[in-house]
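Please look at the sequence and the three-dimensional model side by side. The explanation below is meant to be read with both in view.

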Amino acid sequence: MEKHILGLELPTDPRWVNIAEKSIEDILVDHAYCEQKAASSCISLIVKFPDKRELVEMLTPVVAEEWGHFERVIEELTKRGFGLGKQRKDEYVLQLSKLEKKGGSREQQLVEKLLINALIEARSCERFRLLWKHIEDESLQKFYYELMVSEAGHYKNFLQLAKTYLPDEYVMKRWKEILKGEADILANLEVRGDRMH
C-alpha cells in the first residue's frame, strides 16, 4: 500500500521502528532538525528561483507548515524533559544529494532539487506512518498520525511542480532513476534508531 501511495521502491526495514522506540529522545531531536531543514530547503529554492511564480506560490505556505512542525517537535521534546541537542550528520541526505545531476539548464537543476525534496518527503511520511502504527506512546502515535496526514501531499506537490518546468516524461524518467538510487542507498545504510532516515 505504501509503495502505491508514496511510490517508494524499498520499504523501511521493519526493525527500524522497534529500535527508534527505544531512542525517542534521539528520534525527536533528529526529527526536529529534519523539519528545520525542510523549511530551509524550501526557502533556499524560493531565494534561488524567485522568478518561478508557481514555485514561490506553492512553497511559501510549505515553509510555514514545516516550521510549525519544527515547533511541534520542540514541544514534544520539552514535554518529555528533553532539549534540542546537537544536529547530527544526516548520512541518508548526504548520500541522496549525490544522486542529484549537476549541470544542464536552470530548469533541469531546479527539477533535480524538486525531485530530491519529493523523495525526502515521501520517505519521511512513510516513517511517520510506521511510528503512528507501531509505537506504544499514545500521545506520540497521535502526533505522528497528524504529521503523516499533513505531509502526505508534499511529495506530490514537488513532483507536480517539477512537471511545471519540464515535460512529464522527462520528470517521471528522472523520478524513477532517483527512486532506484534511493532504494540502493537504503539497502546499504545501517538501520539506526536514532535517525529519522
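Predicted model: local features only at pLDDT ≥ 70, side-chain atom pairs only at ≥ 80, totals over all residues.

Residues are numbered from 1 along each chain as its sequence is written, and side-chain values use heavy atoms, with hydrogens and water left out.

Let us begin with helix α9, residues 168-188. Helices here are DSSP runs (H or I, at least four residues; strands are E, at least two), numbered from the N terminus. The expected span of a helix is 1.5 Å times one less than its number of residues. For the 21 residues of α9 this gives 30 Å, and the end C-alpha atoms are 30 Å apart, so expectation and model agree.

Which residues of α9 are buried? They are V171, R174, W175, I178, L179, G181, E182, A183, I185 and L186. Buried means under 20% relative accessible area, exposed means over 50%, and partly exposed lies in between (1.4 Å probe, protein chains only). The cover over these buried residues includes α5 (91-97), α6 (106-134) and α8 (154-165), where contact means heavy atoms within 4.5 Å.

A salt bridge is defined as a side-chain nitrogen of Lys or Arg within 4 Å of a carboxyl oxygen of Asp or Glu. K180 and D184 are 4 residues apart in the helix, which means that about one helical turn separates them. An α-helix has 3.6 residues a turn, so residues three or four places apart point the same way. D184 is partly exposed, at 40% relative accessibility.

By the rule given above, the count of salt bridges comes to 22. D26 belongs to helix α3 (residues 24-48), whereas R88 is in the loop between α4 (53-79) and α5, 62 residues apart. Both partners are partly exposed: D26 has a relative accessible area of 28%, and R88 one of 23%.

A further salt bridge joins D137 and R80, whose closest N and O atoms are 3.0 Å apart. D137 lies in the loop between α6 and α7 (138-151) and R80 in the loop between α4 and α5, so this pair ties together parts that are 57 residues apart in sequence. D137 is partly exposed at 30%, as is R80 at 23%. These two residues also belong to a network of salt bridges that links E76, K79, R80 and D137.

The last topic is the pockets. On a 1 Å grid over the protein atoms alone, a pocket is an open set of points where a 1.4 Å probe fits, with protein on both sides within 12 Å along at least five of seven lines; lining residues have an atom within 4 Å of a point. The largest pocket holds about 460 Å³ of space, a volume being the space filled by probe spheres set on the points. Of its 23 lining residues, the closest to the centre are K37, S41, V93, N117 and I120. Helix α3 gives the largest share of this lining, 8 residues.

The second largest pocket has a volume of about 330 Å³. Of the 18 residues that line the second largest pocket, L189, E190, V191, R192 and H197 are the closest to its centre. Helices α5 and α9 each supply at least two residues of this lining.
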